[in-house]
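Subject: Structure handover

Hello,

Here is the structure I said I would pass on. My notes on it follow below.

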Amino acid sequence: MKRIKWSRIYFGFILVLMYLPIFYLIYYSFSSGHNMDHFEKFTFSHYQDLFNDNRLLAIFLETILLALLSSLIATIIGTFGAIAISQTKNKKGRKTLLALNNVLMVSPDVIIGASFLIFFTFLGIGLGFGSVLLSHIAFSIPIVVLMVLPRLKEFDYSLVDAARDLGASTWQVYSKVMIPAITPGILAGFFMALTYSLDDFAVTFFVTGNGFSTLSVEIYSRARQGINLEINALSTIMFIFVMILVLIYYVITNHKTHIGKGRAQ
Amino acid sequence: MKKSKLFFLIPYVLWLSLFVIAPIILITINAFKGEDGFTLKNFQQFFVNGTFLRMTLNSFWYAFLITLITLLISYPIAYILSQMKNQQFWLLLIILPTWINLLLKAYAFIGIFSKHGLLNNFLKLFGIAPANILFTDFAFIFVAAYIEIPFMILPIYNAICDINPAVIQAAYDLGASKWQTFIKVLWPLSKSGVESGIQAVFIPSLSLFMLTRLIGGNRVITLGTAIEEYFMTTMNWSMGSTIGVVLIVLMVIVMLFTSSDHHKKKEIKL
């Protein structure tokens, strides 16, 4: 009994530690001071500054747009890739595809960023929204493939034959039989791609150029200049945003498993 | 069916060749590019000039320390989590901070570690005068470990959950002590999770140049920092590419090493 208690204390301690920096930021976002040393007076002024900061708001919206667009495209190409891999009967070919797929998963971000920078310069693609979007699509595809593949492995291919026997066209086989069966994997892949994109700093930093900036890059350049409580206010907003996103994700996935269970019964 | 297969394969292969194969080839070409054509000068500089070798050793040492600390903290957490009620909820609580932007968390530590920040206020209670914490190796390793912990917990937790509880029970029934059960049963069976956790932490630890800048105050120089500097500040792309290629080769070696190791173990088990 005593051992369990100690383990609970340890667990709680680490959990508190995990959240301490986040709540530290949120706490000082309401302080009227200029640093995170002691709390002066309660104020919303940093939030006012934040909502009047058009540059930051534009970057915030662009970051979200970038994340949604890149994960959508990455999900499509990644799902295609997963289907292509699962249909590759040649064992060696499949292994090669999978190995190449994992290259970007195991590469350090600086290498990905640097090599993409060389690549874009080589092709003469200007640095900006386009190059960042292409990079985000590129590094999100492998995780989508990895999320969709297990679902395809479970997929019963005799269903395809059955659909064909019943007169389904190729398009119908995919849209009505296969895609619905692997949707949970596709959704998981989409959300992973979304978090990859929202969270990325290192790759974006290399390929962003001067005109375009994402939230991570902007926070970095501001944080290098020292403490600015507007960033604290921003982190409160981001925290709430993330909570909403997580909630949506859990509602969707729980809903799906519910449907799945209902069918099984 | 053949046609539809090509339809799925083409965009994917296009991505593979453009964003996986082409960049690797280009960075390799760049590494060998001098003012007039092919040169080995960069590699010569890397291996003869001691600073680069020291830096490489340094970054692997830091990455090793970060991985070790993360593992020591995370393994017990993963185990405790696997024994709890409402595991999904607690797991979510652990993963949630990873969705908060990494830069925001690093920024928080600038405040926490500052001269009159939270940690120094806490240390004051014990009569330790304001210590310089920010811009030290300790600060860098601490923040890096903080950021990587959830990525270590998750795979280990999954591996522990896959273990049949009856196996642990059997070990106890056969008279094994807690320590013996851990060493002989729990650890070997959760080793795959530990391995993927190490991979998930070690590699990103090499490229945390933003932390070396914000928290390490340019005192900690890793390979990632050097690559960033050569590409973004001094604009010496070929030297930056050289460091990149060395890093890639080192990682391939490490991975070949660990994967062959993996196979051997599987064979023994069979």
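This is a predicted model: local features need pLDDT of at least 70, side-chain atom pairs count only at pLDDT 80 or more; totals for chains, interfaces and linings use all residues.

Of the contacts in chain A with a separation of 6 or more, 77% are between residues 24 or more positions apart.

Along the principal axes, the C-alpha atoms of chain A fill a box of roughly 75 × 65 × 35 Å. Of the 265 residues in chain A, 38% are buried.

Next, the contact between the chains. Chain A brings 56 residues to the contact and chain B brings 58 residues. On the side of chain A that touches chain B, helix H1 (residues 2-28) of chain A gives the most, with twelve residues. By type, the residues on that side of chain A are 44 nonpolar, eight polar and four charged.

In chain B, one helix to look at is H7 (residues 137-162), which has 26 residues. From its first C-alpha to its last, H7(B) reaches 37 Å, close to the 38 Å expected at 1.5 Å a residue. H7(B) bends by about 40° at Glu148(B), and the proline Pro150(B) follows within four residues. Why is H7(B) described as largely enclosed by the rest of the structure? Because 19 of its 26 residues are buried.

The largest nonpolar core has 133 residues. H7(B) gives the most to this core, with 16 residues. The residues with the most contacts inside the core are Leu103(B), Ala106(B) and Val143(B). Leaving aside neighbours within four places in sequence, Val143(B) is in contact with Ala106(B), Phe109(B), Leu211(B) and Ile215(B).

Is Tyr79(B) buried or partly exposed? Tyr79(B) has 18 other C-beta atoms within 10 Å, and a residue needs 20 or more to be buried, so Tyr79(B) is partly exposed. Tyr79(B) and Asn158(B) lie 79 residues apart in sequence, and their C-alpha atoms are 9.9 Å apart in space.

Regards

Notes: Residues are numbered from 1 along each chain as its sequence is written. Chains are lettered from A and ligands numbered from 1 in the order in which they are written. Helices (H or I, at least four residues) and strands (E, at least two) are DSSP runs, numbered from the N terminus. The expected span of a helix is 1.5 Å times one less than its number of residues. The bend at a residue is the angle between axes fitted to the seven residues ending there and the seven starting there. A residue is buried if 20 or more other C-beta atoms lie within 10 Å of its own, exposed if 12 or fewer, and partly exposed in between; C-beta atoms are placed from the backbone. Two residues are in contact if their C-beta atoms, placed from the backbone, lie within 7 Å. Ala, Val, Leu, Ile, Met, Phe, Trp, Tyr, Cys and Pro count as nonpolar, Asp, Glu, Lys and Arg as charged, and the others, Gly among them, as polar. A nonpolar core is a set of buried Ala, Val, Leu, Ile, Met, Phe, Trp, Tyr and Cys residues joined through C-beta atoms within 7 Å.
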